[in-house]
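Hello,

Here is the structure you are taking over. My notes on it follow below.

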Amino acid sequence: MDIKEIEIFLSGLEMFYNIKKDDIKKIALLFSSKEYRKSDTIIREGDPGLHLFIIVSGRVEVLLGDESSITFLKVGEVFGEMSLLSGAPIGATIKTIETTEVLYAKSSVFNEILNKYPPLQMYFARLLRQRLAETNKETECFMGRLKAAYKISEATHTAQNLEELYPEIHKIVSERMPAKNFYIALYDRYSETRSFPYFVSEYKEYPKPVSIEKGLSGHVLRTQKPLLGTDEVLAELSDQGKIKQIGKPSKSWLGVPLKTQKKTIGVMAVYTYDEDVKYGEEELNILLFVSEQVAMAIERVQAHENLEELVKERTAQLNTAYKISEAAHTAQNLEELYPEIHKIVSERMPAKNFYIALYNPSTNTLSFPYFINNKGEVPPESMPVERGFSGYILRTQKPLFGSPEKIKTLIEDGKIIPVSKAPVSFWLGVPLKTRERMTGVLAAYDYDKKVIYSKDGLEILTFVSEQIAMAIERVRSQDELKKLVKERTERLEKVHQLNLRKDVLIRLSQKLASSIQLEQNKIFNLIHKNASELMDTDNMYIALYDEANDFVRFPLAFKGGEPTTILAGKERKEKGGKGRTEYIIEKRESMFCATKQEAEEWYKQPGHGEFMQDTLASYIGVPMMVGEKVLGVVATYHPTEDYVYNKDDLDILQAMANIAAIALDNARLYHQLIEAHKKIADVTEINTRTMITADFVHKLNNLAGAIPIWVDQIRDHAGEGLEDKTLNNYLNKIDTDVENLLSAARQISSPPEEDINIEPVLKSLFRRTRLNQPDNIEIYLECGDNLPKIHFVLLELESILDSVIQNALDAMAGGGKLTIQAQETLVNGQHQVEIQIRDTGMGVSAEKIDKIFSPFHSTKTGHMGYGLWRAKDIIEKNGGTIEFESEEGQGTIVTIRIPALKESENGR
């Protein structure tokens, strides 16, 4: 402050009312100003008096040596004067209770102005008398306080519990001030609420626990300062939004915090509805003094009660631990354990809404195996730990006491993303931990604002969580062990079933492979018999499909375990059947219906129908296929029972169908082989006859060709004898017969030619060769697409190719690879069909290659060497070529080229 401000301030004080203005200016020059922070000590009891102090702003508290409060001083009041006037040490400690500014003057200055200005002498004389009176009054008050403290201490020791102590405290306070309306509120730091264990009021009902955000006592708890609630103070606090009054407003209200050495435990308050009763500084000081004794007394009794409660709680905990342990041992699985845990928790605290969440570290998610919610909400199947209250606990690994204020703050700060649509009022959650890891979260919560959890609830849940985590881990281990045993048993059973099925399939394969001459009915009966060892085949059928005629017949059918007859395909079509058999044939895929409902759903689809007029409860049907060709269907079913068959049955039936298809195809190939052998025999016979005929015709031509010469010689020698008509007729007859004989020979020696498609000829030779091939020889056929036709004698062509192939096989007695390849080629502008036969046999030496096409020359002992010479002769007569390439020890390549028919003749 500057001098002018000090002058103005001093002019407004009572002690300077009778001092002239000019003198006040002089006095102002003698004072200095100083500002003290909150809780600063200005002077201390026992120190020498050195200054006079005047309060400019703020407020200070007058304390005795034991820190007990005597009174409060405000703006305009002075202190330090008693020591200056008496020469005694400072009699009390002066401490600021808020930021305070003071004017101060040294003791010499004080004595100077006191001697110079008589009005000041008069003021301080009156002040001295007042202070002496106040001292007497304070002494009396102090004695009253001591008496109150004694009574409170006595009540503390005689009261059995807090319920007995509170009325005694009320009685003691009432002896010192009006206290018709009185209460004690205790603070719960977990729920951030205050409860009212003692409450006496003229008009208000006994209140329930409320948040510290509301009411006058809530303001005292938040600020931890006394509140003298005059009309002006209450109006100001209400306008500032610092208090929300509850119930009927009082005329005067006084409340002080209940403080111990460690913490604030609550509030003690008196109030009145009587306009004639006003609380002031004196009542405030009394209540402050009493509050210290009350706080200590409450803490002392609470400690005693807490000891008893601790014993009870420990007993309850042991009982709870025993119940959880017992539940863990009696529960067959976790599904049985969870409801028991909920029941045990509900015995200790409100748990209408309760859940257990388990943590999966591999996916970093939570699942909810047990979830009870009175609003009907259901939990997600899994939830990332970034969301929800449970995720927050997992992330922090700490319990959460979710009071309304705490929940609001966490949500606003983005630390919790709520999952539930309905906002909860209170939420308690604790982590489930074992020694090794975090396993999940245990939580109880409520939507009802009237249900308020306390720290006891969190402590109960924390204790229970330890037991529950161990119980869950134990039952989970048992479940996993049971699961492993079950899986192993099932695996062994599956292995047994697989071995059984393998044995059945092996036996079936061996029986079907032991003879390729089995008739179809024998094949189908073997399928039915072997399938019956593995599944229900009382109702079974096998359908064969004739693709050319789009016709289905049923060579095997059982119904109710007895053979029966199913209508053939044509009759089915007449009745409009479009059932499962036709579907399997059309789609070339299996069908599996486990239940009647599945079957009914299938028949509802467009185009599906059933010839048998029965949807069938359980059905499996599989196609019999060779390559892409469908031979038929194998199916078994049960008309009424669901789940008779499973996927394994489908697989085994498909395997049997595959074996059956191979057996059917082998039987077909066998019959084709028989026919082919007959054809080969016929071709061989024809070839033999052709060669004999050729030799015969050759000789016949030689003989018959000489006869006309002999006839002419006879005519020359006969001379005139030719006039003999008989001789002449004989000679003419010989000429005519010889001509006829030669004409017939020419016809025999020239078999008919035809337009030939080379691809089926090669495929027939390939199949025939493969059936007779040695095990150590691989045979391959490669045909180009859309080969042109050739003009040739078919029997001669087949004989030539068969001869070349047989030579190749003979050259690979030690094993090897035979490749038959056909393609279209262009030679000198002419389209030809090129047939190349390659082997990896012993080959032919260079000196023998030149003679390979010579007649009566062969590389094989005991052979005439007639085949290649004859093949070359026939091919070249048809405008073609045959080439022979070979390297000894590397193999041989025979290349045959035959002119192709023109495109117009080929129909291309």
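S39 is partly exposed, because its relative accessibility of 44% lies between the 20% and 50% limits. In this predicted model, S39 sits in the loop that runs between β1 (32-36) and β2 (41-43). Its phi is near 75 degrees, which is positive although the residue is not glycine. Most residues other than glycine have a negative phi.

Q224 also has a positive phi without being glycine, with a value near 55 degrees. Q224 belongs to the loop between α7 (215-223) and β12 (227-229). At 41% relative accessibility, Q224 counts as partly exposed.

Next, a helix pair. Helix α20 (residues 758-772) packs against helix α21 (residues 794-810), with an angle of about 40 degrees and axes 11 Å apart. The two helices, α20 and α21, are therefore oblique to each other. The crossing of α20 and α21 is right-handed. On the α20 side, the contact is made by I758, V761, L762, L765, R768 and T769. On the α21 side, L794, L797, E798, L801, D802, I805 and L809 take part. Sorted by class, the α20 contact with α21 has 9 nonpolar, 1 polar and 3 charged residues.

Last, the cysteines. How many disulfides does the structure hold? The count is 0. A disulfide is a covalent bond between the sulfur atoms of two cysteines.

Regards

Notes
Residues numbered from 1 in each chain as written. Predicted model: local features only at pLDDT ≥ 70, side-chain atom pairs only at ≥ 80, totals over all residues. Heavy atoms only, no water. Disulfide = S-S within 2.5 Å. Axes fitted to C-alpha atoms, helices over the stretch in contact; angles between N-to-C directions. Helix = DSSP H or I, 4+ residues; strand = E, 2+ residues; numbered from the N terminus. Parallel < 35°, antiparallel > 145°, perpendicular 65-115°, else oblique. Left-handed = near helix turned anticlockwise from the far one by under 90°. Contact = heavy atoms within 4.5 Å. Nonpolar A, V, L, I, M, F, W, Y, C, P; charged D, E, K, R; others polar. Buried < 20%, exposed > 50% of the residue type's maximum accessible area, 1.4 Å probe, protein only.
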